[in-house]
Amino acid sequence: MSSKVRIAAITISVLATLTVLRHKPWRGGNSGGAAELMVGYLPVTCHLTCPVTDFATKSTTTGTRFESQRFTEFPTVIEALKARKIDATFILAPLAMVLREQGVPIHIVYLGHRDGSTVIVPKSSPAKSLRDLKGKTFARPSKFSNQYLVITKLMEDEGMQPGDINFVDMPPPDMPSALAAGAIDAYFIGEPHAAKAELAGTGRVLYHAKDIWPRFISCVLVVRDELIAEHPEIVQDLVRGIAESGEWAERNRLEAARVAAPYFRQDQKLLEYVLTQPPDRVSYRHLTPTDEDLQQIMTYAIKAGILKGPIDFKDIVDRRFIPKDVEPAKITL
């Protein structure tokens, strides 16, 4: 092989390696250092355990250090997940099922929360039930959101037809201002974007998710199958970290608001309100996704035309990384 050809081959090899490393959402430890994993989240309290885990691993000697990556809308999260710019993220539960149905190699490995979503209407609205919103414009985070499925269920319970409400997709951070401007008549979203309208005096609660669908799940933690196959120890660390962060947040709600506020780029007082008014507005315990949870979501996803048909739970959920015993994360503020 000539020297020119050899140099060209080496150059191509190096460039290819750099390209892979640049897009690799995890980095292995070296010289005894911890491995690192980037985990996607949105600034909603359904995802609060993600930045808390990030914060916790900065001051511990666990096997993996987790870096939380903030997104503002789910379409961008999906593109990053498909392109392997991230290998783990919190995502809408029905959307995770849709992606799996489409062949995207992911599994649900845990939850991040229970409850924590709210239906908001203008403070001056006379609406007392969903039926009073017939013909109105209702914002949802996505047609693939579990919030949409809950409303679909409630419409069915109240004898409403699919076209009775005009649904529009909208990024969560935009919903409070759209309501205040009169661009929408209601919205259903994970906190704190509902409480923001409450505290601003522009909106009021019509329903808490827990009052419509007890132990409501909006989002799940998904991991790409490649990471599970190649680095199960990292997935194990991630699930345990989320579990321990959830237990710590349950016991230290005001402190959890303080930790999350800089990550969310939101007012700490707003997060404190969400985590305490009432205290069960959102929960970070009982985060194992059960077959019953998934079946309920799947049933309404099929009814809403989101899924083509049933998915075998073995193809969507992997529970082997869930710890049997959960202690609160060791966090010092």
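Which residue just after α5 takes a positive phi? Gly 159 does, with a phi of about 70°.

The model is predicted; local features require pLDDT of at least 70, side-chain atom pairs count only at pLDDT 80 or more, and totals for chains, interfaces and linings use all residues. Residues are numbered from 1 along each chain as its sequence is written, and side-chain values use heavy atoms, with hydrogens and water left out.

Helices (H or I, at least four residues) and strands (E, at least two) are DSSP runs, numbered from the N terminus. Ten of the twelve residues of α5 are buried, where buried means under 20% relative accessible area, exposed over 50%, and partly exposed in between (1.4 Å probe, protein chains only). Among the buried residues are Tyr 148, Leu 149 and Ile 151. Lys 153 of α5 is also buried, with a relative accessible area of 16%. Leaving aside neighbours within four places in sequence, Lys 153 is in contact (heavy atoms within 4.5 Å) with Ile 212, Trp 213 and Tyr 300.

An open sheet of five strands runs in the order β9-β8-β10-β7-β11, with mixed pairing. Its edge strands, β9 (166-169) and β11 (203-208), each pair on one side only. Neighbouring strands of this sheet are turned by 30° against each other on average, direction ignored. Helix α5 packs on the sheet, touching β7, β8 (137-140), β9, β10 and β11, and its direction makes about 130° with that of β10. Angles run from 0 to 180 degrees between N-to-C directions, and axes are lines fitted to C-alpha atoms, for helices over the stretch in contact.

**Antiparallel strand pairs**

Two strands pair if DSSP finds at least two bridges between them.

| β5 (residues 106-111) and β12 (residues 219-224) | five bridges | Leu 111 with Val 220 |

**Helices α10 and α11**

The axes of α10 (residues 232-251) and α11 (residues 253-264) come within 5 Å and cross at roughly 120°. That makes α10 oblique to α11; angles under 35 degrees count as roughly parallel, over 145 as roughly antiparallel, 65 to 115 as roughly perpendicular and the rest as oblique. Residues Trp 248, Ala 249, Glu 250 and Arg 251 of α10 meet Arg 253, Glu 255, Ala 256 and Val 259 of α11.
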